[in-house]
Amino acid sequence: MARILDRRRLVPNLHLIEVEAPEVARKCRPGQFVILMPDERGERIPLSISDWDAARGSVTSVFLTVGTSSHKLSRLAAGDEIPVYVGPLGRPSEIENFGTVLLAGGCFGIGAIYPLARALKKAGNRVLTVIDVKARYLLYWEDKLRAASDRVFIASRDFALDSKQYVPAKIEEILGAGPKVDRVIAIGCTYLMYSCAMATKPRGIKTIVSLNPIMVDGTGMCGACRCTAAGRTKFACVDGPDFDGHEIDWDELFKRRKSYFDDEIRSLCYWERKEFP
Ligand SMILES: Cc1cc2nc3c(=O)[nH]c(=O)nc-3n(C[C@H](O)[C@H](O)[C@H](O)COP(=O)(O)OP(=O)(O)OC[C@H]3O[C@@H](n4cnc5c(N)ncnc54)[C@H](O)[C@@H]3O)c2cc1C
Ligand code: FES
């Protein structure tokens, strides 16, 4: 059992969850994730580690409410206990002095890029961060990212902030304006990561994406997270989640993520009608 220290809504569809997990907090590194179960009847879901505090013994993630498990998680509160909290999982992100690194985060990825910004800055990089939001009211952690970055650009499609472009267009604009960028790292929904990889491909700038396929065990045993990178079969939970975005078979990934779509929708409908706890 792991105790929830904090669970609060950051913006309408995104929540923060801080869990007491001293072992995970002591060992985790940027780019890693945890697997948790919201209740004993639930399924195991992976969430990126967005922050941690080794002294407090806590680990924080930001999650989007999409289906049954994330909705269940959003109903929990500080003091509640969850039956499964496993981590840190996955290979840590590569952190070294690359020069200038452009980070792009959307949705839960805004939280997930924060430990990377912090670590890359500490490693001596110039860190440029692009945050993608659909509208101003969906923006969170701007202050944390500004503190960890040399420059922050906010692309919001309601005209309210720096620009209204979708993040790949903003990346193209930044790259076109001149600063030499040595590496791009994108985290968020699959479409955002795919679009960022496509935007940087013609310029040959290495672009790392943190893949989020369906996962079950998170230890390389079940095969649920199978993907193809550079023509070779990989398991995102143990070989990733970071991969070179120019090497991913995106069509396969998009298809595999939809494998249980009908069941997922049905499950959420049953749960909302309280036909199972
Ligand atoms: C390594 C890894 C790290 C992850 N980190 C995070 C994280 O930090 N925060 C987070 O919110 N999620 C993260 N995810 C995704 C998260 O695990 C899933 O959103 C979660 O398992 C959904 O469970 P569910 O039961 O709520 O929804 P399900 O019932 O499993 O699925 C809901 C349906 O919603 C659809 N959907 C629509 N938009 C989205 C979207 N943006 N993301 C996912 N599904 C969508 C899916 O295709 C799916 O069919 C990560 C996934 C992986 C593999
Ligand atoms: S989640 Fe089972 S092999 Fe990756």
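In which strand is Leu 89 found? Leu 89 is found in strand β8. The model is a predicted one. Is Leu 89 buried or exposed? Leu 89 counts as buried because it has 20 C-beta neighbours inside 10 Å, and 20 is the number at which a residue is called buried. Leaving aside residues up to four places away in sequence, Leu 89 touches Gln 32, Phe 33, Val 34, Ile 35, Gly 218 and Cys 237. Lys 274 lies 185 residues from Leu 89 along the chain, and the C-alpha atoms of the two are separated by 33 Å.

Strand β8 also holds Pro 88. The peptide bond that joins Gly 87 and Pro 88 is cis, with an omega of about -5°. Another cis peptide bond joins Gly 240 and Pro 241, where omega is about 15°. Pro 241 is found in the loop between α8 (236-239) and β16 (242-244).

The next step is the division into domains. The domain assignment gives domain 1 (2-89) and domain 2 (100-257). Taken over C-alpha atoms, the centres of domain 1 and domain 2 are 21 Å apart. Where they meet, 18 residues of domain 1 are in contact with 18 residues of domain 2. On the side of domain 1 that touches domain 2, the elements giving two or more residues are β1 (2-11), β3 (33-37), β4, β6 and β8 (84-89). Of these, β6 gives the most, with 3 residues. By class, this side of domain 1 has 13 nonpolar, 3 polar and 2 charged residues.

Strand β6 also belongs to a sheet. This open sheet has 5 strands in the order β5-β6-β2-β1-β7, with antiparallel pairing. Its edge strands are β5 (51-53) and β7 (81-82), each of which pairs on one side only. Strand β2 (residues 14-20) pairs with β6 in the antiparallel sense over 7 bridges. At one of the positions, Leu 14 has Leu 64 in β6 as its bridge partner. In a regular strand the side chains alternate between the two faces of the sheet.

What surrounds ligand 1? There are 27 residues around ligand 1, and the closest are Gly 67, Ser 69, Ser 70, Phe 108 and Glu 264. The shell around ligand 1 takes at least two residues from each of β4 (45-48), β6 (58-64), α2 (68-74) and α10 (261-272). Both domain 1 and domain 2 take part, each supplying at least three residues to this shell. By class, the shell has 16 nonpolar, 8 polar and 3 charged residues.

Helix α7 (residues 190-200) shows how a helix is packed. Its buried residues are Leu 192, Met 193, Ser 195, Cys 196, Ala 197, Ala 199 and Thr 200. They pack against β9 (100-106), α3 (109-112), β10 (126-133), α6 (167-176), β12 (183-187) and β13 (207-210). An α-helix has 3.6 residues a turn, so residues three or four places apart point the same way. The loop between α7 and β13 holds Arg 203. Arg 203 counts as partly exposed because it has 13 C-beta neighbours inside 10 Å. Arg 203 and Leu 175 are 28 residues apart in sequence, while their C-alpha atoms are 9.0 Å apart in space.

A hairpin comes next. Strands β14 (residues 226-229) and β15 (residues 232-235) pair in the antiparallel sense over 4 bridges. Ala 229 has Arg 232 in β15 as its bridge partner. The hairpin leaves 2 residues between the strands, and Ala 230 in the turn has a positive phi of about 50°. Ala 230 is exposed because 11 other C-beta atoms lie within 10 Å. Trp 141 also has a positive phi, about 55°, although it is not a glycine. Trp 141 sits in the loop between β10 and α5 (142-148). Is Trp 141 buried or exposed? Trp 141 is buried, because 22 other C-beta atoms lie within 10 Å.

Finally, the whole protein. Its secondary structure comes to 10 helices and 16 strands. The C-alpha trace spans about 55 × 40 × 40 Å along its principal axes. A compact globule of 277 residues would have a radius of gyration near 19 Å, and the protein has 18 Å, which agrees. Buried residues make up 42% of the 277 residues. Among contacts between residues at least 6 apart in sequence, 64% join residues at least 24 apart.

Note on methods:
Residues numbered from 1 in each chain as written. Chains lettered and ligands numbered in written order. Predicted model: local features only at pLDDT ≥ 70, side-chain atom pairs only at ≥ 80, totals over all residues. Near = placed C-beta within 6 Å. Nonpolar A, V, L, I, M, F, W, Y, C, P; charged D, E, K, R; others polar. Domains from an automatic or database assignment. Buried ≥ 20, exposed ≤ 12 C-beta atoms within 10 Å, placed from the backbone. Contact = placed C-beta atoms within 7 Å. Pairing = 2+ DSSP bridges. Rg over C-alpha atoms; globule rule 2.2 N^0.38 Å.
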